[in-house]
Amino acid sequence: MEQKELTKKAIALLKQLISTPSFSKEEDKTANLIKAWFTSFSIPFTRENNNVYAKNKHWDNSKPTLLLNSHHDTVKPNKAYTRDPFLAEVIDGKLYGLGSNDAGGCLVSLLATFSHYYAEENLNHNILMVASAEEENAGVNSLRGLLPSLPKIDVAIVGEPTLLNLAIAEKGLLVFDAVIKGTPSHAAHPNNDNSIYNTIEVLEWFKNYKFEKSSEALGDVKMTVTQINAGSQHNVVPAQVELVIDVRVNDCYSNKEIADILKAEAPCFLQERSLRLNSSKINKDHPLVQSGIALGRETYGSPTLSDQAALTCQSLKLGPGDSTRSHSADEYIYIHEIEEGIDLYIKILKGFLQ
């Protein structure tokens, strides 16, 4: 099928996806649409929960595997929407609708690209296409939950809106719960161990702390106190103050390393919620990246989290659309961005696979 016709079909699929609610854990109907796409191209596929995946026709277990992945779940529309979030409508070149930008445009572009290469012979990598669920809530039936069922993956392209530039690194995420203790008392009595006053020094410590290693692509680790909770009534000094700390981790550290450093040095009790959302990266000299650079694309580090956090292999984040539109009211993607996205994916893989 010619690329022009393939692109037309991809845009039609995106309109169907927009018109079909697919909140995280509720993607069964959009999974059916993706199954119908594969069926229309006579491509065998597997469905596990609401994840749908397929292998290229000439799969060879002796070859390394390239994963193409994007997700078909969405967040719920926010209250600022002025349009019907499920109305897929093109106005002035913009295709409006919930999930159009994050990450429907990327998903249909990757499906088109996979279909383009599906029957190609003599590729140097196998191609595994995964349309995944529960990305937005990092659910148990997301890509992370699917990985044990998949073949070994050697390198990946994760489809997220990057303005078609090459995100060669992505920050990881750690969330800590902190506790600062003191002596509870009546507010009328002297107390030199007031937990709220004790928190002042702790807050200053978090505000001023700097991690040693800075990343070329992602810059410094960013640590921010985002929540504070204490006290029950005006005349009682509480026994403790609770904080929540958000840490965005660069590719110089694993989440465990960050946790070990902070738990050893912080002037309060700390407990991490999870270590699983690690930073991601791919070497700038990797052939996949070099293929994109040769086509004039720029490299950068992404501050936002994606399904890359589930992968242990090198991975590249790349796709049509603009990350700043994600989760916004009246979400949209330009039609020309999808057209350019499919063209770029196909050309990058041509430089990489052949």
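Numbering runs from 1 along each chain as its sequence is written, and side-chain values use heavy atoms, with hydrogens and water left out. Because the model is predicted, local features need pLDDT of at least 70 and side-chain atom pairs 80 or more, while totals for chains, interfaces and linings use all residues.

Rings, then. The whole structure holds 11 aromatic pairs. Rings of Phe, Tyr and Trp (its six-membered ring) pair with centres within 6.5 Å; planes under 30 degrees apart are stacked, over 60 edge-to-face, the rest tilted. One of the pairs is F38 with F114, edge-to-face, 6.2 Å centre to centre, 85° between the planes. F38 sits in helix α2 (residues 28-40) and F114 in helix α3 (residues 100-117), 76 residues apart. Helices here are DSSP runs of H or I, at least four residues; strands are E, at least two; both are numbered from the N terminus. Both F38 and F114 are buried, meaning under 20% relative accessible area with a 1.4 Å probe, protein chains only.

Next, Y209 and F211: edge-to-face, 4.9 Å and 75°. Both are buried.

Now charges over rings (NZ of Lys or CZ of Arg within 6 Å of the ring centre and within 35 degrees of the ring normal). K55 lies over W59 at 4.9 Å. K94 sits over Y332, 4.5 Å from the ring centre.

Last, S280, in strand β15 (residues 280-281). Why is S280 called buried? Because its relative accessible area is 6%.

Conventions:
Buried < 20%, exposed > 50% of the residue type's maximum accessible area, 1.4 Å probe, protein only.
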